[in-house]
Amino acid sequence: MIREDHTALVPLAGAGKSLETRAGAARHYAGRRALTLALGVLRLGPVVILGLLIALSSVLSDVFLSFENVGNVLKQSAVVCVLALGQLLVVLTRGIDLSVGSNLSLSAVVGASVWRDHESAPLAIAAALATGGLVGAVNGLLYVKGRLPHPFIPTLAMLAAASGLALLLSDSRTIQGAPPIVNTIGAGRLSWIPGGDAIGWFPIAALVVAAVAVLVLLVTRRLVWGRWIYCVGGNPEAAARNGIPVPSVLVSVYVLSGLLAGVAALLTMGKGNAGSPTSGALAELDAIAAVIIGGASFLGGRGTVVNALTGALIIAVMRNGLNLLGIDPNWQYMATGAVIVLAVELDVLRAQLESRFRSLQAVTPS
Amino acid sequence: MRAASPLLQVRGACKRFGAVVALDGVSLDVGRGEVLALLGDNGAGKSTLIKAISGAHRLDAGTVLLDGLDITAADAMTIRSHGIETVYQDLALFDNLAPAANFFAGRELAGPGWLPRGLRLLRHREMSDRTRALLDRLQITLPDFDAPVARMSGGQRQAVAVARAVAFSSKLVILDEPTAALGLRESARVLELVRRLKADGVGVVLISHSMDHVMTVADRALVLRRGRTVGEAAPNAGNQEQLVAWIVGAVGGQSD
């Protein structure tokens with residue numbers, strides 16, 4: 001019934017003319033079907049890009065779909081996946097966390113030095129996670145309580161500061177050694193999953209990613225707090241007017257992003273059996289790229305866990321494919337840049353088609 | 001609580017911003033099921049007045065009583081919990097969320113109760129059911145109930161915003177130019193919605209620049225000019241000219 005009311009808005013709809021004749025109306029319906037199809041594909045967004053990349057890579061390389069290689073891709077993408085999930089929460093609130101790479105380095109250095117000095121795995125793990133969370137808390141508090149105008153600023157400052165602190169604490173040297181459990185998580189493989197050779201192909205790090213993903217999914221989909229994150233991102237003024245504790249929500253996403261940088265630090269420590277002060281360098285760029293390729297909006301309020309993971313996998317699959325084809329690694333960065341632009345252009349196209357679809361609906365009495 | 005007292009009473013409301021006197025002793029009453037139109041030129045003090053009622057501004061002097069309860073000094077959230085809802089011109093919707101999420105933003109249905117608010121699990125089903133029931137009651141139909149409101153037309157968005165305002169058994173709804181951005185038919189829908197609120201016994205304060213719309217739904221019209229009440233009348237074709245004269249300050253045929 002309300003749909004009829006749309007006719008009042010016809011001036012908005014460029015397609016309004018097609019109702020003038022029956023033939024026009026028929027064309028109109030055909031156009032609408034095509035639009036629906038195109039929109040359906042575009043709404044799948046990053047999943048389509050990932051599918052195409054996988055198809056292309058498996059055609060170009062025999063080993064791409066082998067168990068070992070899939071295991072490698074999963075293992076290599078684990079750190080970016082975990083960081084991307086934290087970054088997603090931040091981006092949902094219209095923010096950005098530039099410090100996750102430095103935070104990873106710092107947390108790894110702290111974790112490794114605690115392990116070196118105390119040989120206590122629980123203590124080392126707790127130290128790495130606490131460092132990550134603390135750095136995130138400082139980011140959030142500087143932004144909210146320090147009233148800095150945009151999260152770019154505190155997290156940029158933290159990018160510099162945390163990286164400096166990591167170098168200072170480690171004397172600019174890699175601290176060798178990590179708790180066995182951390183090594184297992186970061187580098188271990190599950191031998192009981194069929195396929196591959198005796199040591200197995202499925203990386204335990206992928207299980208960590210899955211666990212973190214389920215957790216973030218729970219937060220974003222099921223918890224009141226997650227709903228508040230979307231509210232704050234969608235309309236901060238209205239969120240405050242509706243009694244949502246906006247400052248706490250904002251601080252919380254930086255704490256969680258930092259905490260996940262701590263988790264990523266453990267994965268990195270395990271991968272190399274060491275804590276390096278530069279192990280997280282530039283990781284923030286991959287995390288941000290993953291979230292953007294995954295269709296999250298920098299304007300806030302839009303983005304999903306599955307798409308952020310897909311974005312991270314797109315980056316990993318692309319790098320892996322280029323490696324397998326023996327292409328100069330420097331091309332990988334350029335390819336990442338190209339995929340960012342492509343993904344966002346597709347999203348812009350989706351938004352355009354959606355508004356055309358809306359105006360078509362507005363003049364269609366069905 | 002005296003049953004005879006009006007739902008909302010504002011007495012001698014004064015508010016200044018620096019040297020600017022926005023409200024200078026304005027008083028008004030709104031009864032249950034009554035639609036009061038607030039008229040006035042830009043800068044007459046209408047927005048300041050409704051913001052004072054809804055708790056966004058605090059009055060320098062004067063009182064606001066709801067059902068005899070003094071809410072003059074209460075903050076916006078407290079006033080909402082007492083049953084005054086405001087639909088601002090910008091609608092204050094969450095464009096990225098579906099209507100149900102919009103309805104329950106900040107007061108999500110969730111449990112269990114022993115957990116801190118933020119960690120409770122959303123009761124999605126219950127929230128959508130209640131949203132659907134309310135939209136049905138107000139005879140609002142939406143093409144896609146689960147779509148974000150960004151994908152809806154101006155009239156649908158307005159309907160969602162108004163429905164949200166009355167979703168929680170509020171006593172008084174303040175509508176700030178609810179038809180300003182709408183076409184003819186969508187405006188008619190919103191006015192119909194106002195009538196239904198009235199029939200439900202909800203008091204309505206309506207700000208509108210459309211004299212037609214005011215005459216269609218309002219029981220009384222109060223005209224503000226430069227922060228003062230300059231006239232009050234039941235809006236009808238007979239006194240339309242008088243109302244316009246009050247609004248532009250041309251009382252008795254002479255402009256000031």
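1. Is B:Asp67 buried, exposed or partly exposed? In this predicted model, B:Asp67 counts as partly exposed, because 18 C-beta neighbours lie inside 10 Å and a buried residue needs 20 or more. B:Asp67 is not a glycine, yet its phi is positive, about 55°. Look for B:Asp67 in the loop between strand 4 (61-66) and strand 5 (69-70) of chain B.

2. A:Leu282 also deserves a check. Its phi is positive, about 70°, although A:Leu282 is not a glycine. The residue sits in the loop between strand 4 (274-275) and helix 13 (283-293) of chain A. A:Leu282 is exposed, with 11 other C-beta atoms within 10 Å.

3. Check the peptide bond between B:Gly111 and B:Pro112. It is cis, with omega about -5°. B:Pro112 belongs to the loop between strand 7 (110-111) and strand 8 (121-122) of chain B.

4. Next, strand 6 (residues 84-87) of chain B. B:Ile84 and B:Thr86 point one way, B:Glu85 and B:Val87 the other, and all are buried. Strand 6 runs parallel to strand 9 (residues 172-176) of chain B, joined by 4 bridges. B:Glu85 has B:Val173 of strand 9 as its bridge partner.

5. Helix 5 (residues 154-166) of chain B passes a length check. Its 13 residues should span 18 Å at 1.5 Å a residue, and the end C-alpha atoms are 19 Å apart, which agrees. The helix is mostly covered, with 13 of its 13 residues buried.

6. Finally, the contact between chains. Chain A gives 31 residues and chain B gives 32. On the side of chain A that touches chain B, helix 10 supplies the largest share, 8 residues. By class, that side has 13 nonpolar, 9 polar and 9 charged residues.

How values were computed: Residues numbered from 1 in each chain as written. Chains lettered and ligands numbered in written order. Predicted model: local features only at pLDDT ≥ 70, side-chain atom pairs only at ≥ 80, totals over all residues. Buried ≥ 20, exposed ≤ 12 C-beta atoms within 10 Å, placed from the backbone. Helix = DSSP H or I, 4+ residues; strand = E, 2+ residues; numbered from the N terminus. Pairing = 2+ DSSP bridges. Contact = placed C-beta atoms within 7 Å. Nonpolar A, V, L, I, M, F, W, Y, C, P; charged D, E, K, R; others polar. Expected span 1.5 Å × (residues − 1).
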